[in-house]
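Good morning, and thank you for joining.

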Amino acid sequence: MAMAALPDFFSRFYTVTFVFFTISLLEIKNLFRSITRIASFQNTSKQLLTTTQFFKFLEERNPTISYTRKLKPQSRDCAVCLSDFVEGEKIRRLKCKHAFHKNCLDRWLNQYWATCPLCRSKVLPDEVVAGFHQSRQDPVEHDRSAEEIIYLLSALNGDSYHHGYF
């Protein structure tokens, strides 16, 4: 009985060792990619911006103000959320004269390129926006490594995922 378990043990040991080695190679490859990408970022003239720096720059260029009817914006509602402005709410009024709730516009600018949601005029300089979006990108590109590992595991184990192993 112990002799019958020995080939099964070595088979599983081989599989685990092979998977560990493969994952280690993929991690080394990803580490190498991230190191080379960081080195290339440092050689470019673009300055990477954190989210905090980006919104600080936005606040300097387009300060938050409290809504009051005396402001007389072009519209009485936020074009992002379509809700009416309420007296005392925090809004941003852009150079193009369009006004939005502060949080709505900030979310828009964080998710998209820094343009007015209505007229698409630039809110911030191109180099600031490029630096912010470059810093937000994942330093390691998605290279289907996870899918490759799943395929490898299923190939190594044959039909074992049908029998409850996966």
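Which residues of helix α3 (residues 102-111) are buried? They are Cys 104, Leu 105, Asp 106, Trp 108 and Leu 109. Buried here means under 20% relative accessible area, exposed over 50%, and partly exposed in between, with a 1.4 Å probe and protein chains only. Helices (H or I, at least four residues) and strands (E, at least two) are DSSP runs, numbered from the N terminus.

A word on the source. This is a predicted model, in which local features need pLDDT of at least 70 and side-chain atom pairs count only at pLDDT 80 or more, while totals for chains, interfaces and linings use all residues. Residues are numbered from 1 along each chain as its sequence is written, and side-chain values use heavy atoms, with hydrogens and water left out.

What do the buried residues of α3 pack against? Their partners are α2 (51-61), β2 (90-93) and β3 (99-101), where contact means heavy atoms within 4.5 Å. The helix lies across β1, β2 and β3, running at about 95° to β3; axes are lines fitted to C-alpha atoms, for helices over the stretch in contact, and angles run from 0 to 180 degrees between N-to-C directions.

Now the sheet itself. Three strands form an open, antiparallel sheet in the order β1-β2-β3; two strands pair if DSSP finds at least two bridges between them. Because β1 (64-66) and β3 stand at the edges with a single partner strand each, one side of each is left without a neighbour in the sheet. From one strand to the next, the twist averages 45°. Three bridges join β1 to β2, and in β2 Arg 92 is the bridge partner of Thr 64. β2 and β3 also pair over three bridges, with Ile 91 opposite His 101 and Arg 93 opposite Ala 99.

Let us return to Arg 92. Its side chain meets that of Glu 59 in a salt bridge (2.7 Å, N to O), that is, a side-chain nitrogen of Lys or Arg within 4 Å of a carboxyl oxygen of Asp or Glu. This pair links strand β2 to helix α2, 33 residues apart. Arg 92 also forms a salt bridge with Asp 106, at 2.8 Å between the closest N and O atoms, and both of these residues are buried. Lys 102 forms a salt bridge with Asp 106 as well, at 2.9 Å; these two lie in α3, four residues apart, about one turn of the helix. Through shared partners, Glu 59, Arg 92, Lys 102 and Asp 106 are joined into one network.
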